[in-house]
Amino acid sequence: MYFAAYGDKIYVYRPQNPQQGLPQEPDLVIEPPQSREAIRRNLISRYRGHIINHLVVGNLGHKEILLCSHHDGDVIAYYTHAIENALQNTLAGNISGVKL
């Protein structure tokens, strides 16, 4: 999987061919939630709120996670196996079951 942060969303791509080329459209888009504390601090950009300023993949114990931090102070982590399951459901057309 290839992850890219753009604004307040995380775009998930799955390389498609032996050259590891990426499709033009993402296979899954994750919209991280904003905490009540961040909303209360009113640190929202005039143009867009909850902007991601750092994205990293690493291990937490024996499991791999995707960790993102936002300009308003929120830090959110997703297990990559949960993203993989959501991606499989999306590709299979079972979009109603996708919740991250």
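Colleague: In which helix does Arg-36 lie?

Modeller: Arg-36 lies in helix α1, residues 36-41. Helices (H or I, at least four residues) and strands (E, at least two) are DSSP runs, numbered from the N terminus. Two notes on the source. This is a predicted model, where local features need pLDDT of at least 70, side-chain atom pairs count only at pLDDT 80 or more, and totals for chains, interfaces and linings use all residues. Residues are numbered from 1 along each chain as its sequence is written, and side-chain values use heavy atoms, with hydrogens and water left out.

Colleague: Why does Arg-36 count as exposed?

Modeller: Buried means under 20% relative accessible area, exposed over 50%, and partly exposed in between (1.4 Å probe, protein chains only). Arg-36 has 66% relative accessibility, so Arg-36 counts as exposed.

Colleague: What makes Ser-69 buried?

Modeller: Ser-69 has 19% relative accessibility. Buried means under 20%, so Ser-69 counts as buried. Ser-69 sits in strand β5. Leaving aside residues up to four places away in sequence, Ser-69 touches Ile-51, Ile-52, Asn-53, His-54, Asp-74 and Val-75. Contact means heavy atoms within 4.5 Å.

Colleague: And Asp-72: where is it, and why is it called buried?

Modeller: Asp-72 is in the loop between β5 and β6. Its relative accessible area is 2%, so Asp-72 is buried.

Colleague: Why is Leu-67 called partly exposed?

Modeller: The relative accessible area of Leu-67 is 31%. Leu-67 belongs to strand β5, residues 63-70.

Colleague: Which residues make the nonpolar surface patch?

Modeller: Val-56, Leu-67 and Val-75 make a patch of about 220 Å². Patches are made of residues with over 30% relative accessible area and no salt bridge; like charges are joined within 9 Å, nonpolar side chains (Val, Leu, Ile, Met, Phe, Trp, Tyr) within 5 Å. Accessible areas come from the Shrake-Rupley method with a 1.4 Å probe, and for residues only the protein chains shown count as cover.

Colleague: How do you know that β4 and β5 pair?

Modeller: Two strands pair if DSSP finds at least two bridges between them. Eight bridges join β4 to β5, so they pair. They run antiparallel. Asn-59, for one, has Glu-64 in β5 as its bridge partner.

Colleague: What is the strand order in the open sheet, and why are β4 and β6 at the edges?

Modeller: The order of the three strands is β4-β5-β6, with antiparallel pairing. β4 (52-60) and β6 (75-79) each have a single partner strand, so one side of each is left without a neighbour in the sheet.

Colleague: What makes Glu-84 and Arg-14 a salt bridge?

Modeller: A salt bridge is a side-chain nitrogen of Lys or Arg within 4 Å of a carboxyl oxygen of Asp or Glu. For Glu-84 and Arg-14 the N to O distance is 2.7 Å, so the pair qualifies. Glu-84 lies in helix α2 and Arg-14 in the loop between β2 (9-13) and β3 (28-30), so the pair ties together parts that are 70 residues apart in sequence.

Colleague: How many salt bridges does the structure hold?

Modeller: The structure holds two. Lys-9 forms one with Asp-8, with the closest N and O atoms 3.4 Å apart. That is within 4 Å, so the label holds.
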